Amino acid sequence: MSKEGCVDANERIYEELFKRLKSSNLVELAERKGISLCSDGSLLITSFGQCYRVNDGGVAREDGAEAGFKERFAIVNYLLSDGSGEPSGELIPFSRLGGFNLGRQRHDDRSLKLPILAKFGENYPAFAAAAEAIGGVELESASREEHRWRFYAFAKLPITLTFYERDMEFPPDVNVLFDSRALDFIGLSCLGFLPDYFVTALVG
């Protein structure tokens, strides 16, 4: 399938999902997800530090920029997922989410580590600036060369990244972990899309 054909197919999938969202009980959905339901019937939701408004017209960024397909697709899947309650607090690699074998470590390396290291491996300050730009919060770390960050794809979908700067013995490295309930809050159809969504937000 051509690139244009893939884009068209993805947009058709999104449109079908959005039709389901429009027919949902938004009051119940907002309560279950812990997000704001405005007086005009629109939903306000934050993803990677950016605020979006969801209404009958679609998903729009509050800063006026156009919401890309990845943003719209992730937001609609999050809103339609059955997940409720709070994240578990248990952090695991992406390859272990949902109990499925999602390509094991190779998938994590290819979709998460390699793009981040290619962009920021030798430039931690640039990484820190990019992390802050998408709402990342630096956490307490064990050493000067180790930097732990918390990101929120959505309020109930945290991601933790540890950045290891190069030292005398080891090259730079990153370790990305997801809450073990991520599948509950993003849905199976969007789970494989989650690493790319995160990397695109961080790396650009």
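The chain has a mean pLDDT of 89, and 92% of its residues reach 70 or more. This is a predicted model.

**Confidence by element**

- Helix α5 (residues 124-133) has the highest mean pLDDT among the elements of the chain, at 98.
- The lowest mean pLDDT among the elements, 80, belongs to helix α1 (residues 3-22).
- Where pLDDT is low, predicted coordinates should not be read in detail.

- Five bridges pair β2 with β3 in the antiparallel sense.
- Leu44 has Arg53 in β3 as its bridge partner; Arg53 also takes part in a salt bridge, with Asp40.

- Strand β8 (residues 157-164) runs antiparallel to strand β9 (residues 173-179), and six bridges join the two.
- Ile159 has Phe178 in β9 as its bridge partner.

**Salt bridges**

- The model has 12 salt bridges, counted with a side-chain nitrogen of Lys or Arg within 4 Å of a carboxyl oxygen of Asp or Glu.
- Side chains of opposite charge can pair when their charged atoms come close.
- Glu28 and Arg32 form a salt bridge, with the closest N and O atoms 2.8 Å apart.
- Both residues of that pair lie in helix α2 (residues 26-33), and because they are four residues apart, about one helical turn separates Glu28 from Arg32.
- Glu28 is partly exposed, at a relative accessible area of 36%.
- Asp40 forms a salt bridge with Arg53, and here the closest N and O atoms are 3.8 Å apart.
- Asp40 sits in the loop between β1 (36-37) and β2 (43-47), while Arg53 sits in strand β3 (residues 50-55), so this pair ties together parts that are 13 residues apart in sequence.
- Asp40 is exposed, with a relative accessible area of 55%, whereas Arg53 is partly exposed at 22% relative accessibility.
- Arg181 and Asp184 meet through their side chains in a salt bridge of 2.8 Å, N to O.
- Arg181 is partly exposed at a relative accessible area of 23%, and Asp184 is likewise partly exposed, at 35%.
- Asp40, Arg53 and Glu62 belong to one network, joined by salt bridges that share partners.

**Largest pocket**

- The largest pocket holds about 210 Å³ of space.
- Its lining includes Ser47, Phe48, Gly49, Gln50 and Tyr52, and also Arg61, Lys70 and Glu71.
- Also among the lining residues are Ala133, Tyr197, Thr200 and Ala201.
- At least two lining residues come from each of β3, α3 (69-80) and α8 (194-203).
- The most is given by α8, which supplies three residues of the lining.
- By residue type, the lining divides into five nonpolar, four polar and three charged residues.

Notes:
Residues are numbered from 1 along each chain as its sequence is written. Side-chain values use heavy atoms; hydrogens and water are left out. Buried means under 20% relative accessible area, exposed over 50%, partly exposed in between (1.4 Å probe, protein chains only). pLDDT is the predictor's confidence in each residue, from 0 to 100. Two strands pair if DSSP finds at least two bridges between them. On a 1 Å grid over the protein atoms alone, a cavity is a set of points where a 1.4 Å probe fits but cannot get out, and a pocket is an open set with protein on both sides within 12 Å along at least five of seven lines; lining residues have an atom within 4 Å of a point. Grid points are joined across faces, edges and corners, and a volume is the space filled by probe spheres set on the points. Ala, Val, Leu, Ile, Met, Phe, Trp, Tyr, Cys and Pro count as nonpolar, Asp, Glu, Lys and Arg as charged, and the others, Gly among them, as polar.
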